[in-house]
Amino acid sequence: MPTENEQGGVMRRRSAEHERVTYVELFFDLVFVFAVTQLSHLLLEHPTPLGVLQTAMLLSAVWWVWIDTSWVTNWLDPQTAPVRMMLFGLMLAGLVLSTSIPTAFEARALPFALAYVGMQLGRSVFVLCAVRPHSPGAYLNFKRITAWAALSAPLWIAGGLADEEARYLFWGAGLALDFAAPATGFWTPWIGGSSTTEWDVEGHHLAERCALFTIIALGESILVTGVTFARMEWSALTITAAGTAFVGSIAMWWIYFNVGAEKGTERIAASDDPGRLARLAYTYVHLLPIAGIIVAAVADELILAHPSGHTDLKTALAVLVGNALFLAGNLIFKRILFARPALSHMIGLGLTALLAPAAAWLSPLALAMAGNAVLILVAAWETWSLHGVTEEEVEI
């Protein structure tokens, strides 16, 4: 990746100050607000093992497009006209990607695949051309990145053309290649791979980008609650259900932002190898809490629709799995950044597991309240653990 004296053209110019997220990056994120909404609705409409698999694969593709673009804007300056035009082009393709999600495994498989390939390969080729005159190191690395994107592209297109059963195999293989690429340092024949120490990452910027995507997911959860509640007849039961969903979103926000986001930003900014932390904590692990928030949003809508009575399997799984994914993701995220396990999160996961047998006799609303109580306990534990101790002493 480029060093300061190599930068020029569309490259970000590193300085002693943190790089801020630009308005055009926030504008770019609007497409992914829609994508997250589409994903939660897909899971809500298909709460089956096959529907879960489809949602997981499509979420992984959406996340990979977004996080790869965030890496690119960590290196390139979005304030320059060429990079802005690149982002606008990605937004258009992202709109096609997002609108194809509900029937991505049916009628719109090929549009989804073409949009995904167009974003991944097109962006890589753009960066390859943009950095060539200014940074030999970045140019070499993007030759590797472009090669990996070109390798997975035929699998995505073949999946878009294949029948439904074969589509899972092709797209699964494409995702496997895309996810494996950073872990190998984008190893490519003849030119080898790169080391994370070579990746000139502005940690503050990338951490803020991922925090903003978390806000997108939490915002979608609140949107689902608001839209569903607005269409319902208001009663003590429905008002309580809506309030419970809102409290759950607040608890998730508190767990992520009260400790993880700010401390994570400080840790990656001060690291001797920010590329390694950015790859592990933000590129890979961050997908887990995002998935948890999306599943929790589905649980909120199910509970608003049927707050009382027997808790069916899909509602119980949505509540428990959503919270578990969120807590597990934050646990791993903080373990990587702070080099110690978050005890509060482990206790929270254990309590969530204990709620599973209770789901058989709790109402959906009662189960959601119990799940929120676990999240609130974790958030309170983290807050209390920071009082009167140093960063080295804190046990979160």
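Modeller: Helix 8 (236-270), helix 10 (287-305), helix 11 (313-338) and helix 13 (364-385) each supply at least two residues of the lining of the second largest cavity, where helices are DSSP runs of H or I with at least four residues, numbered from the N terminus. This is a predicted model, in which local features need pLDDT of at least 70, side-chain atom pairs count only at pLDDT 80 or more, and totals for chains, interfaces and linings use all residues. Residues are numbered from 1 along each chain as its sequence is written, and side-chain values use heavy atoms, with hydrogens and water left out.

Biologist: Which residues lie nearest the centre of that second largest cavity?

Modeller: Gly248, Ala296, Asp300, Asn323 and Asn372 do, out of 16 lining residues; a cavity is a set of points on a 1 Å grid over the protein atoms alone where a 1.4 Å probe fits but cannot get out, and lining residues have an atom within 4 Å of a point.

Biologist: And what is the volume of the largest cavity?

Modeller: About 320 Å³, while the second largest cavity has about 150 Å³, a volume being the space filled by probe spheres set on the points, which are joined across faces, edges and corners.

Biologist: Which helix gives the most to the lining of the largest cavity?

Modeller: Helix 5 does, with six residues, and the 20 lining residues include Trp64, Asp68, Ile145, Pro182 and Phe186, which lie nearest the centre of the largest cavity.

Biologist: How do the residues of that lining divide by class?

Modeller: The lining of the largest cavity has twelve nonpolar, five polar and three charged residues, counting Ala, Val, Leu, Ile, Met, Phe, Trp, Tyr, Cys and Pro as nonpolar, Asp, Glu, Lys and Arg as charged, and the others, Gly among them, as polar.

Definitions and conventions
1 Å grid on protein atoms, 1.4 Å probe; cavity = no way out; pocket = protein on both sides within 12 Å on 5 of 7 lines; lining within 4 Å.
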